[in-house]
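Trainee: Please take a close look at one part of this model for me, the pocket and what surrounds it.

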Amino acid sequence: MAIQTGEKLPEAKFRVMTAEGPQVKTTDDIFKGKKVALFAVPGAYTGTCHKMHLPSIFLNAYAIKDKGVDSIAIVSVNDAFVMNAWKRDTDQRDEAVFLADGNADFTKAIGMELDASANGLGIRSKRYSMLVEDGVVKKLNLEAMPGKVEVSGGDTLLGQL
C-alpha cells in the first residue's frame, strides 16, 4: 500500500556522496524538523527524468524555497556514485540533495516501487513529488505513467505551496 497524505515517512537510509565518499543519511537526517520538497524519479539520466523532470525542479527551485521550503531532495533507485554524477551534471546552483536509494529500501517502504524489469531496469521508483513537513506527508503528486511529468514537476508543487 502506497503512503498517503497525512502519514509519517518510515525509517529508511539513503546514501549521499560527500568529499569523503558515500555517507548514510536517515529519513530523520533529511526530514526531521524541516519542510522538504521531495521529488522521486525512476532513474538518473533516463530521458524523461533528465530532460523534463529535473529541469522543472531547478526552474522553480528559488520560488519553492521562497515559499518556506527548507530543502529540495531528489531520490532515485540508483547508487550514490550515479546520483553524484547526475547532481554534478544538472544541479549547477547546488539547490538539491540527491538521495541514492540503491536497494529501493525507502521506495518499497512507502509502497512506491515500480517493476521496470521488462525494460531491463529492474525495480525502480514511481515518479512523484511530495511535500514533507517534519517527516509527515502534506502533499503527494503521483504520476499515472512513469514516462510523463504532468503532476509531479516543480511547477505543480510550487503551485501547492
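Mentor: Helices (H or I, at least four residues) and strands (E, at least two) are DSSP runs, numbered from the N terminus. This is a predicted model: local features need pLDDT of at least 70, side-chain atom pairs count only at pLDDT 80 or more, and totals for chains, interfaces and linings use all residues. Residues are numbered from 1 along each chain as its sequence is written, and side-chain values use heavy atoms, with hydrogens and water left out.

Start with the pocket. On a 1 Å grid over the protein atoms alone, a pocket is an open set of points where a 1.4 Å probe fits, with protein on both sides within 12 Å along at least five of seven lines; lining residues have an atom within 4 Å of a point. The largest pocket holds about 190 Å³ of space, a volume being the space filled by probe spheres set on the points, which are joined across faces, edges and corners. Its lining has 14 residues, and Pro42, Leu114, Ala116, Leu121 and Pro146 are the closest to its centre. Helix H2 (47-66) and strand E6 (113-115) each supply at least two lining residues. By class, the lining splits into 6 nonpolar, 5 polar and 3 charged residues. Here Ala, Val, Leu, Ile, Met, Phe, Trp, Tyr, Cys and Pro are nonpolar, Asp, Glu, Lys and Arg charged, and the others, Gly among them, polar.

Now Cys49. Helix H2 contains Cys49. An unreviewed UniProt entry annotates Cys49 as "active site"; such annotations may be inferred rather than shown by experiment, and positions follow the numbering used here, with feature names shortened. Cys49 is buried, at 0% relative accessible area (buried is under 20%, exposed over 50%, partly exposed in between; 1.4 Å probe, protein chains only). Beyond its neighbours within four places in sequence, Cys49 is in contact (heavy atoms within 4.5 Å) with Val41, Pro42, Gly43, Leu54, Pro55, Trp86 and Arg127.

Next, Ser125. Strand E7 (residues 123-125) includes Ser125. Ser125 is buried too, at 1% relative accessible area. Not counting residues up to four places away in sequence, Ser125 touches Ala40, Val41, Pro42, Val77, Thr107, Met112 and Leu114.

Last, the core. A nonpolar core is a set of buried Ala, Val, Leu, Ile, Met, Phe, Trp, Tyr and Cys residues joined through side-chain atoms within 4.5 Å. The largest has 22 residues; Phe39, Ile72, Ile74, Trp86 and Phe98 touch the most other members. H2 gives the most to this core, with 6 residues.
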